[in-house]
Amino acid sequence: MAAVLKSSAVWRFVRLSRSLRLSAASSVKIHTTVSPQMGVTMEQFEEAKSKLSTLKDDPGNEVKLKIYALFKQAIQGPCNTPKPGILDFVNKAKWDAWKSLGSISQDDARQQYCDLIGSLVAAEGTDSTHVAAQSTGSGTNYNTLLVTTEDSITTIKLNRPGKKNAITTEMYSEIINALEQAARDDSVLTVFTGAGDFYCSGNDLTNFTKIPEGGVEKMAREAGALLRKYVNAYIDFPKPLVAVVNGPAVGISVTVLGLFDLVYATERATFHTPFSQLGQSPEGCSSYTFPRIMGVAKASEMLLFNKKLTAVQACDLGLVTEVFPDSSFQSEVWTRLKTYAKLPRNSVALSKQLIRSLQKERLHSTNDAEVERLIERWTSDECFNAVMSFFQAKSKL
């Protein structure tokens, strides 16, 4: 382990993460004396730069690179600097983002810069108001979820539609809290779904760029402890859990489906677990539940070789309970769930616990083993290189 942590690749990762977090902000500080011309006034441009520092949520590296590129284009015009070396990950990503803007005018770049920052600020204001209004029924306000209880159904909706509901560290903690509350409330069913067109795009990979003072090893231990607690919350949940998969699902949002009691999906949903592509390994007890549900060969196609399943394929393999036409998905599913929610609460809960009781010990031991393997993966050069390749590929889109 010590040899891995001392490797130059891992510490390049630390430097990269810090630089990516600061790239947009630092570029704003460099050119504050240059005035924009025509289109966007000096006052508007300065106001946009000021608003950038007020954002509470990290917009992600892709957006920050876009902000950086628009700023450079607005101030200096088209990219005219030499291309950084292939190993200079941060500066190459920034150069690629700037270069991708081509020959758009400085006026247009300034306008796009102001529009982009304005939309980010507006989205945060809208989302926070919406969450406060929608989550009061649970007794707790959430920043990344909409939690409601109605008709004996508690609904936990992942609420980062602009990020395809990618799960941040904060969202992991909030889902754990929401599950704990749902376990104690008077609802019969608990339903997971996503806001917008995505169910969930899996783990937000910017989680990997938030390196604490203790370095990569500390980050891996803390992430492992959170993941263990997160998956245990599903394993130990006493009531029926239903996934209403309203769009594509990736990573951990797929692997935990083996811990749900019903999985309903729209026909346009897909299911993808690209772990080996990112130098990682399965989680969510999928190394046990997937072979049990679909057989070892089909599970290996997903977990080892990154095969993406359509909703119909996932249903044929037993991962999905039923697939519905997209046009009638919401109405059909919720009509059915409201009928189920009229069943006697204790009878349903106790029956679920009987069905799951023989698996619980095995599931907990599987979760522990998966977490330990992932901690090793997260501190490896192989994982570092795979994640960096992912970020570089995204920056070229």
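**Exercise 1. Start with the whole chain.** Work out what share of the contacts between residues at least 6 apart in sequence join residues at least 24 apart.

*Solution.* Of the contacts between residues at least 6 apart in sequence, 75% join residues at least 24 apart, where contact means heavy atoms within 4.5 Å. Before going on, keep in mind that this is a predicted model: local features need pLDDT of at least 70, side-chain atom pairs count only at pLDDT 80 or more, and totals for chains, interfaces and linings use all residues. Residues are numbered from 1 along each chain as its sequence is written, and side-chain values use heavy atoms, with hydrogens and water left out.

Next, take the secondary structure: the chain has 16 helices and nine strands. Helices (H or I, at least four residues) and strands (E, at least two) are DSSP runs, numbered from the N terminus. Then turn to burial: 51% of the 397 residues are buried. Buried means under 20% relative accessible area, exposed over 50%, and partly exposed in between (1.4 Å probe, protein chains only).

**Exercise 2. Follow helix α8 and its rings.** Describe the span of α8, then characterise the pair formed by Tyr 230 and Tyr 234.

*Solution.* Step one is the span. Helix α8 has 20 residues and reaches 28 Å from its first C-alpha to its last, close to the 28 Å expected at 1.5 Å a residue. The expected span is 1.5 Å times one less than the number of residues.

Step two is burial along the helix. Among the buried residues of α8 are Val 216, Met 219, Leu 226, Leu 227 and Ile 235. Tyr 230 and Tyr 234 are both buried as well.

Step three is the ring pair. The whole structure contains eight aromatic pairs. Tyr 230 and Tyr 234 form one that is edge-to-face, with 5.1 Å centre to centre and 75° between the planes. Rings of Phe, Tyr and Trp (its six-membered ring) pair if their centres lie within 6.5 Å; planes under 30 degrees apart count as stacked, over 60 as edge-to-face and the rest as tilted.

Step four puts the pair in its setting. The two tyrosines are four residues apart in α8 (residues 216–235), about one turn of the helix. An α-helix has 3.6 residues a turn, so residues three or four places apart point the same way. Ring pairs also join Tyr 230 and Tyr 234 to Tyr 172, Phe 192 and Phe 260 in a cluster.

**Exercise 3. Compare two loop residues.** Find the loops that hold Gly 202 and Asp 186, and decide whether each residue is buried or exposed.

*Solution.* Begin with Gly 202, in the loop between β3 and α8. With a relative accessible area of 0%, Gly 202 is buried. Beyond the residues up to four places away in sequence, Gly 202 touches Ala 166, Ile 167, Val 250, Ile 252 and Ser 253. Gly 202 and Thr 273 are 71 residues apart in sequence, and their C-alpha atoms are 8.8 Å apart.

Now take Asp 186, in the loop between α7 and β3. At 61% relative accessibility, Asp 186 counts as exposed. Leaving aside neighbours within four places in sequence, Asp 186 is in contact with Lys 239 and Arg 345.

**Exercise 4. Look for positive phi.** What are the phi values of Asn 165 and Cys 285?

*Solution.* Recall the background: most residues other than glycine have a negative phi, and most peptide bonds are trans. Asn 165 has a positive phi, near 60°. Asn 165 lies in the loop between β2 (153–158) and α7 (169–184) and is buried, at 0% relative accessible area. Cys 285 has a positive phi of about 70°. Cys 285 sits in the loop between β7 (270–272) and α10 (286–294) and is also buried, at 0%.
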